[in-house]
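Let's take a walk through this model, one chain at a time, and then look at where the chains meet.

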Amino acid sequence: MRIIVIGDGKVGNAIIENVSKEGHQVVVVDNNPNVVEDIVNKFDVMGICGNGASYDILKEAGAAHAHVVIAVTASDETNMLACIIAKKLGAKSTIARIRNYEYNKQIKMIKEDFDITMTINPEKETANEILKVVNFPEAIRVDNFAEGQVDLIELYIPENSPLIGKTLIDIHQKYQVSVLVCAVQRGEEVYIPNGTFTFKAKDKIHITAKRANIKQFLNKLGLIETKMKSVLIIGGGKITSYLGNELLKNKYEVKIIEKNYERCVELSELLPNATIINGDGTSHDVLSEEGLNDSDVVISLTGNDEENIIISMYAFKQNVKKIIAKVNKESFVGLMESIDMATIVSPKDIIASKIVSYIRAKNNSRGSNILTLYKLVNNKVEALEFIAKPKSKLLNKQLKDIKLKDKVLIAGIIRNGESIIPNGADMIQADDRVIVVTAGQYLDDLDDILV
Amino acid sequence: MNYRIVTNILGKIMTLIAALMILPVIVCIIYKEDLINYIAFLVPMVALFIIGRILNIKKAESNRILAREGFVIVGLSWIILALFGCIPYIISKNIPNFFDALFEMASGFTTTGSSILTSFDNLDHSIMFWRSFAHWIGGMGVLVFILAIIPESKDGSAMHILRAESPGPQVGKLVSKMRATSRILYLIYLVLTITLILILWLGPDKKMDLFRSMIYSFGTAGTGGFGIDSGSLETFASSTQYIIATFMLIFAINFSIFYLILIGNFKEVFKNEELRSYLIIVFVSVLIITLNVYTTFKDTVFQYTFEESFRHAYFQVASIISTTGYTTVNYITWPSTSIMILILLTLIGACAGSTAGGLKVARLNILSKSMVQKIRNMISPRRVETIKIDGKSLNNEAVRSVESYFTLYIIILLVCTLLISIDGFDFTTNFTASLTCLNNVGPGYSSIIGPYGSFSEFSWFSKLVLTFEMITGRLEIFPILILFSRRTWKKRI
């Protein structure tokens, strides 16, 4: 497909990396010549230097024949304008990043009246992601399929866990809970496990199951945490304003530490029920004075990866139960591994997987749609949700008779609102939603999982 | 330096050259040549194939090609090309001397067209074919060919290779995929070449049989200039001369222009400053030389008709500015104004992104604009002005790199002139030999190396210097110079 990406910042870069590696024809527009030069050297894409909202530049980039135009410059207004012009030129669909808090209240009107196919808001998505983990503190990461009917949960196996040394079959026999382990991260390696896979301490496992079953499973393992109450957020950017709002709605106590006084005033207007502190969140004095030790959750969302990591490490030392940090640079993610239960969020990756799922669904000529796509374990694993079309070759066969590709696993089936965690005797029927987990295979259709 | 990826790609190139040598072998079969000619091609083929395979046994861990690797790959592969390509000449005894053969092969691949041969009577057909086919491959570039056939790499590293091999100050892709870009380039190239072969073969000139049509089409398409008749195109019909002159001009135009025409984007074509300057230079040069030659020789024994003066002026200008080097007349007898114009055209060369050599009109445009800017700056020192090309402003970095390219270019030209002056020829011979080789044109401007002469009289040392100049000129200096830097070969930093 022909894709134009306007704006090559952090999010733009992640999108370009993902879509160009999937083999699409990508044209990148940015007004900084050095950035354009870099991206052309790094990926097999064409670069154009100029203002992405200008008619001539968009024409030169081939907007008239583009399938998707993605505008992710720093300015919401430029993004909207670029999408409007691209659409007028003949682009099939347009995606704009709009992250301003005020604009998001009128997002429906923007989409309809300006004819923008999709708007993305990395900060809001990230806030949602964080909220899910705060609500479910036992997990490192929580993703939902089928409007929350099935969860995909990442868990950490501590040193004293009863799971250690057990195989998957043992666990099924012992606990009798319908959960499915679909991926295991051990150090740098990723495994798609089979029945004889044995767990070790410090593994990070991804399981799919119904919410109730997961709670039951955690209960049997003795991992259940008491509900979190107080949340300390360091850094008062856009994510914080979305997150604070949601947390307050969910009846959490929220305290926000922000360096910039003007921003503190803005936040206090936006979030009247939160405690806003004007201070330096990297200072230990400020942190202990504001009760870091007594907080249940510490979320570091400053604009600086290094600061977020240092704050997290300090919080870990102070035995904070749940630590969440925003880290954008992939190379830094490894530094956080030493904090066992830390959750790392990266707005650029969240958005990149959203765009990838949109483009893959569009790219599929056979018409079976990808509903959702999540990238797990540093983008090494993908979890996808498909709808099984009546023509699919998989229908009405027992799963144990289906020959799957290497490193592919069917992790869940949702039929008429009922979720099934599949075993070998289950069958896929038409209109089922099917969750597939894969490490390294490119899938844009359910039938792609067949050998 | 990522040595593995360099050897991997060099291995691929060697395998490719081995495969390309099948074509002259087919010519051997058609013309029922001696056994020695088969051996002449089979020996380097087998050697290239085996070495190529060996270099590809161990795959590189990382596919990352940085600017440095790109330059080294391109520089080394052209040296390998010349070294292995000349083996058939030596074994078949057509050109028994190693330095002669190397010179001839480098001249072929770099599309220079300077020859050490004084007569073509003893050349075998397969050797003639290989000599001219080298023009065709070298014109668009071997690595561009490789990029068109190897599987797509996911990252942009191949960009460094394209940039190092393709001529011009600013190299860009036509479409977003590298492989598609190289395929489009080669497709345009192939279609134009086949068109020319057909026109020549089916045209009115009876002397142009199929084999000659192919030889002269390869020479024209690659803007090389190897022929197989003494006196180049002098003895051919005027229709042939017009056709070849026109096609030389066409092949010297930036290939992205053809792509723009293909996709129907004529607005961009008209906006292209380089094309405009190029056509103006051609027009003015033809006009002046026609009048100069016509009036000078009027009422003498050498008198030309007006049509003849125009035809010879048109052909010579097209041949020199496109850096091809075919001739229809021994122009060294021409008046000095005309010769001087031809020497200037030698220096300028044609458009960037074509198969031609030389300094390139694009660089000339940037240089003259920056010069005008400097002069204006002298008058009002606080004046701020940006240099624009095709309506887009050029950053200082690009201007500076063109200026330093020009400086290096002049230095190499002069140093090589000095080196070959050891042979004791006159200044015009030394200077124009150096000039014509660095710009990949072909003939020089004295009786020794002019249209009727050859480079055979130079010593082996001078031939080596000129060989170096040809490859340096074709790759636009840096890929070759970088090979001499100790830093290039360091593992890290």
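Chain B has 22 helices and two strands, where helices (H or I, at least four residues) and strands (E, at least two) are DSSP runs numbered from the N terminus. Its radius of gyration is 22 Å, close to the 23 Å that the globule rule gives for 493 residues, so chain B is as compact as a globular protein of that length. That radius is taken over C-alpha atoms, and the rule is 2.2 Å times the number of residues to the power 0.38. Along the principal axes, the C-alpha atoms of chain B fill a box of roughly 70 × 70 × 50 Å.

Before going on, some ground rules: this is a predicted model, in which local features need pLDDT of at least 70 and side-chain atom pairs count only at pLDDT 80 or more, while totals for chains, interfaces and linings use all residues. Residues are numbered from 1 along each chain as its sequence is written, chains are lettered from A and ligands numbered from 1 in the order in which they are written, and side-chain values use heavy atoms, with hydrogens and water left out.

Chain A comes to 15 helices and 22 strands. A compact globule of 451 residues would have a radius of gyration near 22 Å, and the 23 Å of chain A agrees with that. Its C-alpha trace spans about 65 × 60 × 40 Å along the principal axes.

Now for the place where the two chains meet. Here 16 residues of chain A are in contact (heavy atoms within 4.5 Å) with 17 residues of chain B. About 1,400 Å² is buried between them, and carbon and sulfur atoms give 43% of that; buried area is the accessible area (1.4 Å probe) that two parts lose on being put together, summed over both. A:Asn41, A:Asp44 and A:Met46 supply 44% of the area that chain A buries against chain B, more than any other three residues.

A:Asp44 also turns up in a salt bridge, its side chain meeting that of B:Lys173 at 2.8 Å, N to O. The count between the chains is one such bridge, defined as a side-chain nitrogen of Lys or Arg within 4 Å of a carboxyl oxygen of Asp or Glu. Which elements give two or more residues to the side of chain A that touches chain B? They are helix H1 (10-21), strand S2 (25-30) and helix H2 (33-42) of chain A, and H2(A) provides the largest share, four residues.
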